[in-house]
Amino acid sequence: MTAHPNLILSGMQPTNTLHLGNYLGALKNWVKLQDEMPCLYCVVDMHAITQDTGYRHPKELAAATREVTAAYIAAGVDPGRSILFNQSQVPEHAELAWIFNCVGRLGWLDRMTQFKEKTGKHKERASVGLYTYPLLMAADILVYKATHVPVGEDQRQHLELSRDIAQKFNSDYDLPDFFPLPEPVIVGTGTRVMSLRDGTKKMSKSDESDYSRINLTDDVDTIAQKIRKARTDPNPLPENGKGFEGRPEAENLVNIYAALSDTSRGDVLAKFGGRQFSEFKNELAELAVAKLTPIAAEMRRLLTDPAEIDRILANGAERARGIAAPIMTEVKQVIGFVG
Ligand code: TYM
């Protein structure tokens, strides 16, 4: 098999404000990966319209797209080095997604747990776009022949589907090397940040309780208060990882501390094992404030000049199209589209 050159692609939906899970599970790793390979980072505004919660108003979607762009830059994504753009400005994503609608199988999509979680009992009321969402995600990645995709744990199944799509396309057209099989990059203790109210549920933008998550834009007092109120149990911190048995909230806070401080869980337990949660929470709040509030301040500064953000996105889209357009031409030839 010929190796495809290393290339990163990842994205986030502009729905509500980004939270600590988005930061630790994805964004923080994106910043580091810029030193390792070329990167494309996308604001997936076309995915954001698959659910109508909150996006009946065009101004809200546009504002959220600019806010997520500002968050990428404020966290350290360098738009000079990396290609930063919004999905809807690169029409090749939608074009390839249609082709993948014809490559993907209903049975594959029926197995997607996120669709089931998002629709619950009301599958028939969901948009068709929400159902085929993972095929647009596969197109986001493969329209650049990207090889690595840094995401949180919850995207693993979608990435497996992207690999299945790449493999089926390659084998249907008897071109075993055409698309790379993209590798998930899921690293560190922040890949599955849980709700601060319930350690068995993922921290999520859609949770009704704002106390379940820390938003990137929360101020010092809000962050401290949310951590103070985070659910724990009456026991002190365990001495080692075995002591997390049946204590998901305790485990979550320790994982968050480790991810924020770039240390291991073992290091955190060596320092805090046997101490009370009240003490640990004070230190965690201090650390979270130190890491997150400079990002929020930089986001606020960037958002005072939306025209500059739009220029960055337009420039990124042009560079992204420079990669995607020739690949799309190749795809059309492979399929037999005339023109
Ligand atoms: P989205 O917008 O839901 O989330 C963006 C990123 O944040 C990660 N994440 C978490 N990580 C750890 N703990 C959590 N509680 C948590 N919540 C979210 C997600 O894993 C993700 O990496 N389908 C994608 C967006 C997408 C995409 C792509 C990603 C569209 N096309 C192509 C990669 C490549 C999504 O909805 O992510």
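Predicted model: local features only at pLDDT ≥ 70, side-chain atom pairs only at ≥ 80, totals over all residues.
Which residues of H8 are buried?

Residues are numbered from 1 along each chain as its sequence is written, and side-chain values use heavy atoms, with hydrogens and water left out.

**View 1. Helix H8 and its buried residues.** The buried residues of H8 are His158, Leu159, Leu161, Ser162, Ile165, Ala166, Phe169 and Asn170, where buried means under 20% relative accessible area, exposed over 50% and partly exposed in between, with a 1.4 Å probe and protein chains only. Helices (H or I, at least four residues) and strands (E, at least two) are DSSP runs, numbered from the N terminus. Helix H8 covers residues 156-172, and at 1.5 Å a residue its 17 residues should span 24 Å, which agrees with the 24 Å between its end C-alpha atoms; the expected span is 1.5 Å times one less than the number of residues. Asp174, which follows H8, has a positive phi, near 55°.

**View 2. Trp30 with Tyr41 and Tyr72.** The structure holds 13 aromatic pairs, counted when the ring centres of Phe, Tyr and Trp (its six-membered ring) lie within 6.5 Å, with planes under 30 degrees apart taken as stacked, over 60 as edge-to-face and the rest as tilted. One of them is the stacked pair of Trp30 and Tyr41, at 4.4 Å centre to centre and 5° between the planes. Because Trp30 lies in helix H1 (residues 20-33) and Tyr41 in strand S2 (residues 39-43), this pair ties together parts that are eleven residues apart in sequence. Trp30 is buried, at a relative accessible area of 0%, and Tyr41 is buried at 0%. The rings of Trp30 and Tyr72 have centres 4.9 Å apart and planes at 80°, so this pair is edge-to-face; with Tyr72 in helix H3 (residues 58-75), it ties together parts that are 42 residues apart in sequence.

**View 3. A ring cluster and two lysines over rings.** Ring pairs link Phe100, Phe169, Tyr173, Phe178 and Phe179 into a cluster. The charged end of Lys145 sits over the ring of Phe178, 4.0 Å from its centre, and that of Lys229 sits over the ring of Tyr211, 5.5 Å from its centre; the criterion is NZ of Lys or CZ of Arg within 6 Å of the ring centre and within 35 degrees of the ring normal.
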